[in-house]
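For each label, ask for the value behind it.

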Amino acid sequence: MAKTHIARYTPTTEELKEDIRLTAQALRGAYDTFNFVTEPELVEAAIFEIRALNARYSYLLRRVKEVSGESAEPSCIAAGVMKGGTLCQS
């Protein structure tokens, strides 16, 4: 049986930016939840939600750069963020 290739959908920059806006709004809500819950299980759940939304936000920013033609990898990094790589000049 031959493999069939499925066309890959590429969202537009506007669609990605809208998704970023919605993700940022959800992230603000997750931080609000974290700030107001007191039960250990709910605190832990809020932390997981914040981490997941941060990962999604980073992914969407990277996709916007790819779709718009910008480099997804920075040419330099802040010294406090990672070891190795080229440091940004001030």
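This is a predicted model: local features need pLDDT of at least 70, side-chain atom pairs count only at pLDDT 80 or more; totals for chains, interfaces and linings use all residues.

Q: Where do Glu66 and Arg63 lie?
A: Both are in helix α2. They are 3 residues apart, about one turn of the helix.

Q: Why is Arg63 called buried?
A: Its relative accessible area is 11%. Buried means under 20%, so Arg63 is buried.

Q: Why is Glu66 called partly exposed?
A: Glu66 has a relative accessible area of 38%. That value falls between the limits of 20% and 50%, so Glu66 is partly exposed.

Q: What makes Asp19 and Arg56 a salt bridge?
A: The closest N and O atoms are 2.6 Å apart.

Q: Which parts of the chain does the pair Asp19 and Arg56 link?
A: Distant ones: Asp19 is in helix α1, and Arg56 is in helix α2 (residues 40-68). The two residues are 37 residues apart.

Q: Is Asp19 buried or partly exposed, and how do you know?
A: Its relative accessible area is 22%. Buried needs under 20%, so Asp19 counts as partly exposed.

Q: How do you know that Glu18 and Arg21 form a salt bridge?
A: Their closest N and O atoms are 2.7 Å apart. The limit is 4 Å, so they pass. Both lie in helix α1 (residues 13-36).

Q: How many salt bridges does this rule give?
A: The count is 3.

Conventions:
Residues are numbered from 1 along each chain as its sequence is written. Side-chain values use heavy atoms; hydrogens and water are left out. A salt bridge is a side-chain nitrogen of Lys or Arg within 4 Å of a carboxyl oxygen of Asp or Glu. Helices (H or I, at least four residues) and strands (E, at least two) are DSSP runs, numbered from the N terminus. Buried means under 20% relative accessible area, exposed over 50%, partly exposed in between (1.4 Å probe, protein chains only).
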